[in-house]
Amino acid sequence: MRIRRIELRGFKSFVDKTVFQLGPGVSGVVGPNGCGKSNVIDAIRWTLGEQSPSLLRGKAMEDVIFSGSDGRKPASVAEVHIAFDNEDGAFGGQYQRFSEIEVGRRLYRDGKSGYLINRVECRRKDIVALFLDTGVGARAYSIIEQGRVGFIVNAKPEERRVLIDEVAGINRFKSQRVEAERRMERTKNNLVRVSDMITEMGRQRRSLQIQ
Ligand code: ATP
């Protein structure tokens, strides 16, 4: 699975529409300190569903929107689209037939936001499901940035386990299990409600019988 293209507009220092074409052979981004290299990684993480502003090096989510400079007004919207190559059919299911899958995210300064798959609005959940067990994701192992190797080496066993689970490809099943348990809990509550109703109706029936 390769990233073909990253398109940013209004995201951090990329106020104007900026397109990175990451064709075969491109394996790095270089530039002087502070030119925005890490902002590109932030953009990828953000688009893949990161919800913690601090992991995007900000205080609030709105900090990802261009905040203005000497000659430019702040932007009102941040938008990023990432195009993934799907020639090898790495994205299965309903996306198998597409040769390219584009994932996007938008955030307006008034707080309105949304996710997109192939420019069609979707939920964050759909993006997370799309990449589950692929190693790609806001916090998955495909992005190992500055300091991350040290973090993995020094991590607590439970923290390291999250990474190993992802590599082993069992996270899809874990999240299915959480969902099934939630449904079972809902059903249990419904059963309690039904048995309350049966008791109440039995009482009414007895009184009607006597009448
Ligand atoms: P280094 O090599 O030092 O790690 P870098 O190339 O990774 O640097 P970044 O940290 O990605 O650079 O970019 C920092 C730049 O982005 C700073 O100049 C900062 O002012 C700018 N920046 C960050 N957020 C915003 C924002 N919301 N609006 C405008 N500019 C921003």
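The following legends describe close-up views of a predicted model.

**View 1. The largest nonpolar core.** This core comprises 33 residues, among which W46, V64 and F131 have the most contacts inside it. Two or more residues are contributed by each of β1 (3–9), α1 (37–47), β3 (77–85), β4 (100–108), β5 (113–117) and α2 (124–131). In soluble globular proteins, nonpolar side chains tend to be buried together.

View 2. The buried residues of α2 are I127, L130 and F131. Viewed down the helix axis, these residues fall within an arc of 85° and so line one face of α2. Their packing partners are α1, β3, β4, β5, β6 (120–122) and α4 (157–168). With neighbours within four places in sequence set aside, F131 is in contact with M1, L48, F84, F91, V103, V136 and E166.

**View 3. Two loop residues with positive phi.** Most residues other than glycine have a negative phi. K12, in the loop between β1 and β2 (18–21), has a phi near 45°. K12 counts as buried because its relative accessible area, 13%, is under 20%. R119, located in the loop between β5 and β6, is likewise not a glycine and has a positive phi of about 65°. The relative accessibility of R119 is 45%, and the residue is therefore classed as partly exposed.

**View 4. A nonpolar patch on the surface.** I144, V149 and V153 form this patch, and together they have about 280 Å² of accessible area. V153 belongs to helix α3 (residues 148–154). Because its relative accessible area of 59% is over 50%, V153 is classed as exposed.

Notes:
Residues numbered from 1 in each chain as written. Predicted model: local features only at pLDDT ≥ 70, side-chain atom pairs only at ≥ 80, totals over all residues. Heavy atoms only, no water. Patch = residues over 30% accessible without salt bridge, like charges linked within 9 Å, V, L, I, M, F, W, Y side chains within 5 Å. Areas by Shrake-Rupley, 256 points an atom, 1.4 Å probe, with all protein chains shown as cover. Salt bridge = Lys/Arg side-chain N within 4 Å of Asp/Glu carboxyl O. Helix = DSSP H or I, 4+ residues; strand = E, 2+ residues; numbered from the N terminus. Buried < 20%, exposed > 50% of the residue type's maximum accessible area, 1.4 Å probe, protein only. Core = buried A, V, L, I, M, F, W, Y, C linked by side-chain atoms within 4.5 Å. Contact = heavy atoms within 4.5 Å. Arc of directions from axis to C-beta.
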